[in-house]
Amino acid sequence: MEWWSLVIVGAGPAGLTSGIYGARSGLDTLILEEAMPGGLTAKSPWIENYPGFPEGIAGVDLIERMLKQCERFGVEVKSFEGVKRLLVDGEVKRVETEKGVYSAKAVIIASGCRHRTLGVPGEERLRGMGVSYCAICDGPLFKGKRVLVVGGGNTAATSAVYLSKIASEVLLVHRREELRAERIYLDEIKRRGIKVLWNTEVREIKGDEKVEGVKLYNNKTGKVAEEEVDGVFIAVGETPNSEFARDAGVEVDREGYIITDNLQRTNMPGVYAAGDVTSCPVKQVGTAVGQAIVAALEAYGYVERPYYYRG
Ligand code: NAP
């Protein structure tokens, strides 16, 4: 068993920021990450609205900078070590992974979200063979090809814009008549000549060894049509990675997002949550960073009990 003051679950922008603030406050700080650091942000092609980067910055580069800052303050980051079980109802918390057991005085959950799936025939079978959930990871494989993006949020919009610079043609398919993506992306979609198929649902992804097309259903006219495409990029939202926290008694909302107060405290003393895994409806790098700072400083107060915190 390793002993730490602060264990953070997840190395996206929230986890890394809590790491910087925790370690800089003097807490020996460990971050456990189930994959590579970065979470969904590392897959974001271009972030234009994070302050301090007037030209924008690639998600992966922003994460790289945060990681360097963690290193500078002595945070230990263990990648490919997902949390399997949490025991947080006592004063000493216990965090179990496949590789080890860690005890902590405080825990910050910053485990983010994973991609939601469509659940249509062909999606699972053709995953990695034309079906993708990450335009930045797989987009370059579709140079000069015809691709389809599914969804109406910011991820779908930014993915469509990014892919339009690589693919020969991008179709954006959305189940309603308007996108929920920000205005600036809508203008870019128009400017780039991306064709949007409104009121349209993907009913099947077709192909033997790789994606060859999709079956589409127009929910206004009831018409079924087929489109030949080489790639299908699915961007229909996210599901929180909170199961291990819920099982430990941490309160979550109906959709599984962790409920916190405005100091990022969960219902369990000494357990905080920050970033996309929380029920805060605004999912931005900036809000994740802000929540993570509050969580880390609260965790510091909880662990060290300085005079100004005790009162
Ligand atoms: P989102 O905002 O939840 O949008 C998901 C989209 O997928 C919605 O348009 C939804 O349709 C559609 N959808 C959901 N289930 C579907 C299904 N089964 N079939 C077809 N369509 C389905 O998710 P997101 O775009 O991944 O964004 C997640 C969060 O990250 C958001 O808060 C977003 O603002 C943030 N984000 C921000 C940026 C940025 O600011 N640059 C970039 C990326 C993500 P309906 O509209 O009909 O519900």
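This is a predicted model: local features need pLDDT of at least 70, side-chain atom pairs count only at pLDDT 80 or more; totals for chains, interfaces and linings use all residues.
Student: Into which domains is the protein divided, and how many Å separate their centres?

Tutor: The chain is divided into domain 1 (2–115 + 238–304) and domain 2 (131–234). The contact takes eight residues from domain 1 and eight residues from domain 2. Taken over C-alpha atoms, the separation of the centres of domain 1 and domain 2 is 32 Å.

Student: Are α1 and α2 roughly parallel or roughly antiparallel to each other?

Tutor: Two packed helices are described by the angle between their axes and the distance between the axes. Helix α1 (residues 13–24) and helix α2 (residues 59–72) have axes 9 Å apart, at an angle of about 25 degrees. Angles under 35 degrees count as roughly parallel. The helices α1 and α2 are therefore roughly parallel.

Student: Which residues of α2 meet α1, and how do the residues of the contact divide?

Tutor: From α1, the residues P13, L16, T17 and I20 take part, and they meet I63, M66, L67, Q69 and C70 in α2. By class, the residues of this contact are seven nonpolar, two polar and no charged.

Student: Is the crossing of α1 with α7 left-handed or right-handed?

Tutor: The axes of α1 and α7 come within 8 Å and cross at roughly 35 degrees. On the α1 side, the contact is made by P13, A14, T17, S18, Y21 and G22, and residues of α7 including V285, A288 and A292 also take part. The contact residues comprise 11 nonpolar, three polar and no charged. As for its handedness, the crossing of α1 with α7 is right-handed.

Student: Which residue just after α7 takes a positive phi?

Tutor: The position in question follows directly on the helix α7. Its phi is about 45 degrees, and the residue is R305.

Student: How many residues in the contact of α4 with α5 are charged?

Tutor: Helix α4 (residues 154–164) packs on helix α5 (residues 183–191) at an angle of about 35 degrees, with the axes 10 Å apart. In this contact, N154, A157, T158 and V161 of α4 meet Y185, E188 and I189 of α5. These residues divide into four nonpolar and two polar, and the number of charged residues is one.

Definitions and conventions
Residues are numbered from 1 along each chain as its sequence is written. Side-chain values use heavy atoms; hydrogens and water are left out. Axes are lines fitted to C-alpha atoms, for helices over the stretch in contact, and angles run from 0 to 180 degrees between N-to-C directions. Helices (H or I, at least four residues) and strands (E, at least two) are DSSP runs, numbered from the N terminus. Angles under 35 degrees count as roughly parallel, over 145 as roughly antiparallel, 65 to 115 as roughly perpendicular and the rest as oblique. Contact means heavy atoms within 4.5 Å. Ala, Val, Leu, Ile, Met, Phe, Trp, Tyr, Cys and Pro count as nonpolar, Asp, Glu, Lys and Arg as charged, and the others, Gly among them, as polar. Domain bounds come from an automatic or database domain assignment. A crossing is left-handed if the near helix is turned anticlockwise from the far one by less than a right angle, and right-handed if clockwise.
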